[in-house]
Amino acid sequence: MRAGLKNHLKKTVKTIFSIGNSCDKRHKVITILGLKLKINRLNLKTIIEEYKIMHDKSLYIGIPDNITLQMSFNNYCNCKCKFCFEDIAQKKEDKQIIPEKWLYKYFLPLYPKTSILVPTYGEITACKEGYEYLSFIDKNYHHINIFIETNGIAFDEKWAQLASDNLMSVHFSINATNNDYFKKTVWEKDGVYDVIQKNFNRYIEILRARGGGFESFIPSVSCVFNNINYETVKEFVKQYVSRGVHVITCYYDQHEFFCTSLGYKLEEAFITAIELNRVLQGKVLVNYKIYAPTNDIEKYEAIVDAKDINVLKEKYADILELANDMNLDDIFKKQRELRKEKGKNLEPLMGITFHQAIYGDHTICHNPWSHIRLRPNGDVAYCAWSPYLLNLKSFIKKDNINWKEFFNCLYYRRARKNFKNDCYENCRQSCPALRRIPKEDYIAVNKEYREIL
Ligand code: SF4
Ligand code: SF4
């Protein structure tokens, strides 16, 4: 009887107030007057760790210089690629654009410190606001280097003029060697491939007609390969080397290599790209590492390295001949000279997402120090290849953005701390930026780069 009363009393008290764990022990459950509140477990270790990170002065950077502002300007695209893995809006109500107030007011403190602006996914050329925005940047912040990625469909004469006036680095996602392949692997719609080709060719003509170094800004191109078009790697590279393109990127359809192991078809495409890069070294960059279809890049590089270079030269003799007068160093030098003449920021432009910095005796990825990847709804990350775990809206205060708070929030600080310790949480395993470059090698390359450029 007594024991029963005791239990009853205990139960009653518990319903008035108690703190316990949820069944999975992942939450604390607080009971107040019978009401159960589930809250995140108070983990002292985590609290102390976060406190230390937030008070570590070496992780504070204020508002950094040389920012890369990579943004999905609009959440809409005028193409419908079968392999697209971005959440591109299909419905009218989803076609968000980064709010005007952000672009023309909140971002103003960033522009003087921005060296690279990258409109990417959706398609900035598909909306008039995109043209107006880049004209505004061209006029008021001409020092910013604009890297524009386009599917080329709406890259008309007006865009071509703006891009060449601004010395934009333009990248055309061409994705096929002819109309048939375009329909099979990209989009069935008639006429699209021809429009892209027309716009691409016109842009090259405009740059060549201007001369005086403008021709060094001939766009880079890319193609997504899969189990249907895997045999066209060589043809694709040949077509664009013949038009004077110096940077050609081979991507691989992610839907395929995530579902299956690297089959012999993708393997063949991947090895062909590595071989072409080796044969064309110093003349054309055939980029095969971004979104490589394997984490074992080095294994495939070793396979290609073991091959006799003369045999490879023979295999690709027609492309080598087309590339005879091409020289990557000359191209970079010309670009650099013209950028300087036109008042552009001249910091080393290693790439849109790939930024290295020296730390100790080697390099580390620099993105948590200076990279912003933004979507129109405010979702933000320090890299296009890592998850969006932050939203810019939480930093809007008194009708402005507190940028110091943004760059020094827990998310960015924690990544800086981790990267310094070679802990690349949330990173792609095959990311080229994970490769440590010894300090001396990095300086040698950069010195050369600076001298060349
Ligand atoms: S062009 Fe780019 S953004 Fe548009 S559908 Fe294709 S992959 Fe997606
Ligand atoms: S290391 Fe991580 S942050 Fe850096 S580029 Fe690669 S995926 Fe992005």
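## Around ligand 1

A residue counts as near a ligand if its C-beta atom, placed from the backbone, lies within 6 Å of that ligand. On this basis, ligand 1 in this predicted model is surrounded by twelve residues. The closest of them are Cys-77, Cys-79, Cys-81, Cys-84 and Asn-151.

What classes of residue make up the shell around ligand 1? Six of its residues are nonpolar, three are polar and three are charged.

## Around ligand 2

Ligand 2 has a shell of 13 residues. Here the closest are Cys-365, Cys-383, Cys-427, Cys-431 and Ala-433. By class, this shell holds nine nonpolar residues, three polar ones and one charged one.

## The protein as a whole

If we take the contacts with a separation of 6 or more, 71% of them join residues 24 or more positions apart.

## The largest nonpolar core

Which residues touch the most other members of the largest nonpolar core? They are Val-237, Ala-273 and Val-286, in a core of 88 residues. Helix 10, residues 264–279, gives the largest share, with seven residues. The core also takes at least three residues from domain 2 (78–341) and at least three from domain 3 (356–452).

Apart from neighbours within four places in sequence, Val-237 is in contact with Ile-248, Leu-276, Val-286 and Ile-319.

Helix 10 is 16 residues in length, and from its first C-alpha to its last it reaches 22 Å, close to the 22 Å expected at 1.5 Å a residue. Its buried residues are Leu-266, Ala-269, Phe-270, Thr-272, Ala-273, Ile-274, Glu-275, Leu-276, Asn-277 and Val-279.

Leu-312 belongs to helix 12, residues 309–315. Beyond its neighbours within four places in sequence, Leu-312 is in contact with Glu-275, Arg-278, Val-279 and Lys-307. Of these, Glu-275 and Val-279 are listed among the buried residues of helix 10. Computed along the sequence, Leu-312 and Arg-278 are 34 residues apart, while their C-alpha atoms are 8.7 Å apart in space. Leu-312 itself counts as partly exposed because it has 16 C-beta neighbours inside 10 Å.

## Backbone points worth a look

Most residues other than glycine have a negative phi, and most peptide bonds are trans. Where does a cis peptide bond occur? The bond joins Tyr-121 and Gly-122, with omega about 5 degrees. Gly-122 sits in the loop that runs between strand 5 (114–119) and helix 4 (128–140).

Two residues other than glycine have a positive phi to check: Lys-398, near 45 degrees, and Asp-422, near 60 degrees. Lys-398 is in the loop between strand 16 (396–397) and strand 17 (400–401). Asp-422 is in the loop between helix 17 (410–420) and helix 18. Lys-398 counts as exposed because it has 6 C-beta neighbours inside 10 Å, and Asp-422 counts as exposed because it has 11.

Are Glu-440 and Asp-190 buried or exposed? Glu-440 is exposed because it has 10 C-beta neighbours inside 10 Å, and Asp-190 is exposed because it has 9. Glu-440 lies in helix 18, residues 439–452, and its C-alpha atom is 9.7 Å from that of Ile-358, 82 residues away along the chain. Asp-190 lies in the loop between helix 6 (179–185) and helix 7 (192–210). Eleven residues separate Asp-190 and Asn-179 along the chain, and their C-alpha atoms are 8.5 Å apart.

Glu-129, in helix 4, has 14 C-beta neighbours inside 10 Å and therefore counts as partly exposed. Glu-129 and Glu-100 are 29 residues apart in sequence, with 9.0 Å between their C-alpha atoms.

Notes. Residues numbered from 1 in each chain as written. Chains lettered and ligands numbered in written order. Predicted model: local features only at pLDDT ≥ 70, side-chain atom pairs only at ≥ 80, totals over all residues. Nonpolar A, V, L, I, M, F, W, Y, C, P; charged D, E, K, R; others polar. Core = buried A, V, L, I, M, F, W, Y, C linked by C-beta atoms within 7 Å. Buried ≥ 20, exposed ≤ 12 C-beta atoms within 10 Å, placed from the backbone. Helix = DSSP H or I, 4+ residues; strand = E, 2+ residues; numbered from the N terminus. Domains from an automatic or database assignment. Contact = placed C-beta atoms within 7 Å. Expected span 1.5 Å × (residues − 1).
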